[in-house]
Amino acid sequence: MSDVQYQAIIEILDFELHRKDMVILGAILKSQSSPTNYVDFETIRTQLAIDEGGRKGKDSLIYRSLSWLENAGLIKVDRSKHKHGYNSDVGLMHKVFRKKMKETTREIKSEIRELDSEIEDLTNMDAENIASDMISIAAGKHKIEKPVFAVGWEDVFQLIDDKIYSHLKKGDLVRFSLEWLNRPDMITPVRIERIGNLLENGIIFQGLEHNKVDKEQQELLKQFTLFFREKGYQPGFKICERTDATYQFVGRNNEGIVLIVSENPMSATWIPRSSNPELVDSAIKTFDEDFNAGIDIEEIGSN
């Protein structure tokens, strides 16, 4: 490997040899009489003075670098004595560099995938349409949609009405996380009627819960679903158990989500995909994976 290639790899791994941490690592290695030998702080300072032309540097900065080197796995610290000992060897460095290379490779591959996706998006775009849209935006004829925040039950439901239900047409999909509906009084006749009207107009509903609401509320949601199924509609309601927390939201197709950000006080924000595509896509992907893996509510017996 040439010096240029070696330097490039070191920089990619963020281990530039000129940084202070690496200079101190070099001082430790130079001070060790053998790979198993531990050296104390004063010995390191003395070696640094030799390496840096008489400048030993501030003790606090040296200790900070020693802490970083230990956390990075590049040195071992012996704290069994009053004066701590510091040691490094090829074995430690091998483990650190192997781990760092794997992590960096994963990160680079992820960046490449994102770039490929962006290239594909750009390739599929119509330059003429983009120019027309930009002119419309500049002229004030078309506004870029922005996130909207709401606090309190009534305002959150109004936000869902305004941003989700009011923009639906036949065949559209509403993804509905159900864990935040943890109060019986939240399912009111008005909301039942609103959803009934949407189902009648051909809107598809998929409800998902992770077996985290109490059984009484789960049974109420089940009866709510069966009520509509008996009328000939097919709203989805599945249970997919998981222990970790996940997105709670109501989504309109892939266009955006009303994300529940707090249950006390109840608060939510409308996030159009145009403002945060990564978050919206991630929420929808997680929902779809859990929904596909879930069990239909009719298959779960009542307690």
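Me: Does E107 count as buried, exposed or partly exposed, and at what relative accessibility?

Reply: The model before us is a predicted one. Partly exposed is the class between buried, under 20% relative accessible area, and exposed, over 50%. E107 has 49% relative accessibility and therefore counts as partly exposed. This residue lies in helix 5.

Me: Which residues form the negative surface patch?

Reply: The negative patch consists of E107, E111, E114, D116, E118, E120, D121 and E278. Helix 5 is the main contributor, giving seven residues.

Me: Which residues gather in a patch of positive charge?

Reply: On the surface, K76, K95, R98, K102 and R106 make up the positive patch. Its largest share, four residues, comes from helix 5, which spans residues 90–124. K95 is placed in helix 5, and because its relative accessibility is 55%, K95 counts as exposed.

Me: How many bridges join strand 4 to strand 7?

Reply: Strand 4 (residues 173–177) and strand 7 (residues 249–252) run antiparallel and are joined by three bridges. Within this pairing, V174 stands opposite R252 of strand 7.

Terms used
Residues are numbered from 1 along each chain as its sequence is written. This is a predicted model: local features need pLDDT of at least 70, side-chain atom pairs count only at pLDDT 80 or more; totals for chains, interfaces and linings use all residues. Side-chain values use heavy atoms; hydrogens and water are left out. Patches are made of residues with over 30% relative accessible area and no salt bridge: like charges are joined within 9 Å, nonpolar side chains (Val, Leu, Ile, Met, Phe, Trp, Tyr) within 5 Å. Accessible areas come from the Shrake-Rupley method with a 1.4 Å probe; for residues, only the protein chains shown count as cover. A salt bridge is a side-chain nitrogen of Lys or Arg within 4 Å of a carboxyl oxygen of Asp or Glu. Lys and Arg count as positive and Asp and Glu as negative; His and the chain ends are not counted. The place of a charge is taken as NZ of Lys, CZ of Arg, CG of Asp or CD of Glu. Helices (H or I, at least four residues) and strands (E, at least two) are DSSP runs, numbered from the N terminus. Buried means under 20% relative accessible area, exposed over 50%, partly exposed in between (1.4 Å probe, protein chains only). Two strands pair if DSSP finds at least two bridges between them.
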